[in-house]
Protein chains: 2
Amino acid sequence: MTNLLKNKKISETPFRKEVLSIFTKYNNAIPLSIVEKELREYNRITLYRTIKIFLEKGIIHEIIITGEKSNYAICQEECVTNLHYHQHIHFKCNRCGIVSCVEIGKFPAIILPKYKIEQLEIQATGLCKKCNA
Amino acid sequence: MTNLLKNKKISETPFRKEVLSIFTKYNNAIPLSIVEKELREYNRITLYRTIKIFLEKGIIHEIIITGEKSNYAICQEECVTNLHYHQHIHFKCNRCGIVSCVEIGKFPAIILPKYKIEQLEIQATGLCKKCNA
DNA sequence: TTATTATTGCAACAATGTTGCATAAAATAA
DNA sequence: TTATTTTATGCAACATTGTTGCAATAATAA
Ligand SMILES: [Mn+2]
Ligand SMILES: [Mn+2]
Ligand SMILES: [Zn+2]
Ligand SMILES: [Zn+2]
């Protein structure tokens, strides 16, 4: 993770470095509102474009849970494009509200007869490990 | 399913009946754009409010898949509120583009140590049974 | 250092969704 | 059926979210 931006072949600008550092700082997924607050100087349009290119280059991925605003999290795996294939679960805690990527021992194998499943997205809501303790 | 609107204790208006008939006509989930096209006379605001109350009363549920517009489908189960607990999978076909609710034999049991899972949402993308044939 | 290429930020726009309020319609009571 | 109450509708106006053209600026390559 020395130089993710250069590795992904996008120019390294102060704005992008700051956005990236915000995502790496958090251990969970965050919505744009948090990125905005963390940025000391922010431009709406540039942020949208930054999010877009980070998604395209496989730097972050988007988590959309019904009733929530979009959340974004760093890709742990080596995602090359915006076609992500994460073997983890997206969890939304109903108490603290945090959305996070949770690794799971064995990712379930879903079989639908006659269908061909290429990608799976599993979302769970409930109580996170902190709030459930 | 004689009178769903009355059963759910919301007034029965021509607009709501027409929207409901559109949802029942389709065997898959549909986005608002299709509802609009099917309605002969439509008002944007009234449609939004109709969708909202249908969601609240458990008449329809929303399916949000990354990169797609929201899709809506009739609730098969007896959903009372907007807290849905469907034991099916939301499938998006990458060829025909259709989003549908697919029943599955045994719904997977996900176990995350220390977490308490209250609801699960499983989304799959790939080829539907028609496109995979 | 210079030339080339890509990013930024402004303005303007587009799409999506919400709210107050007067009118109209539906449900309920008489 | 008719009168009363309750709820839905549609307009206008606004709010939020996301996009695009373009000139200035900054980053990369030569
Ligand atoms: Mn994730
Ligand atoms: Mn469904
Ligand atoms: Zn929590
Ligand atoms: Zn298909």
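**Notes on a zinc site and a DNA contact surface**

1. The four donor atoms around the zinc ion (ligand 4) sit at angles of 100 to 116 degrees to one another, which makes the arrangement tetrahedral (for four donors, all angles between 85 and 135 degrees). This is a predicted model, where local features need pLDDT of at least 70 and side-chain atom pairs pLDDT 80 or more, while totals for chains, interfaces and linings use all residues. Residues are numbered from 1 along each chain as written, chains are lettered from A and ligands numbered from 1 in written order, and side-chain values use heavy atoms, without hydrogens or water.

2. Who holds the zinc ion (ligand 4) on the protein side? The donors (N, O or S atoms within 2.8 Å of the metal, or 3.2 Å for Na, K and Ca) are the SG atoms of B:Cys93, B:Cys96, B:Cys128 and B:Cys131, at 2.2 to 2.5 Å. Their sequence spacing reads C-x2-C-x31-C-x2-C.

3. B:Cys96 is partly exposed at 37% relative accessible area, whereas B:Cys131, at 16%, counts as buried (buried is under 20%, exposed over 50%, partly exposed in between, with a 1.4 Å probe and protein chains only).

4. Sugar and phosphate make up 60% of the DNA strand C atoms within 4 Å of the protein.

5. As for individual atom pairs, a polar side-chain atom of A:Arg49 is 2.7 Å from a base nitrogen of DNA strand C. A polar backbone atom of B:Glu12 lies 2.8 Å from a phosphate oxygen of DNA strand C.

Technical notes. A residue is near a molecule or strand if one of its heavy atoms lies within 4 Å of it. A polar contact is a pair of N or O atoms within 3.5 Å; within protein, one must be able to donate a hydrogen and the other to accept it, and residues adjacent in sequence count only if both atoms are side-chain atoms. Four donors count as tetrahedral if all angles lie between 85 and 135 degrees; four count as square planar and six as octahedral if opposite donors are over 155 degrees apart and all others between 65 and 115; anything else is irregular.
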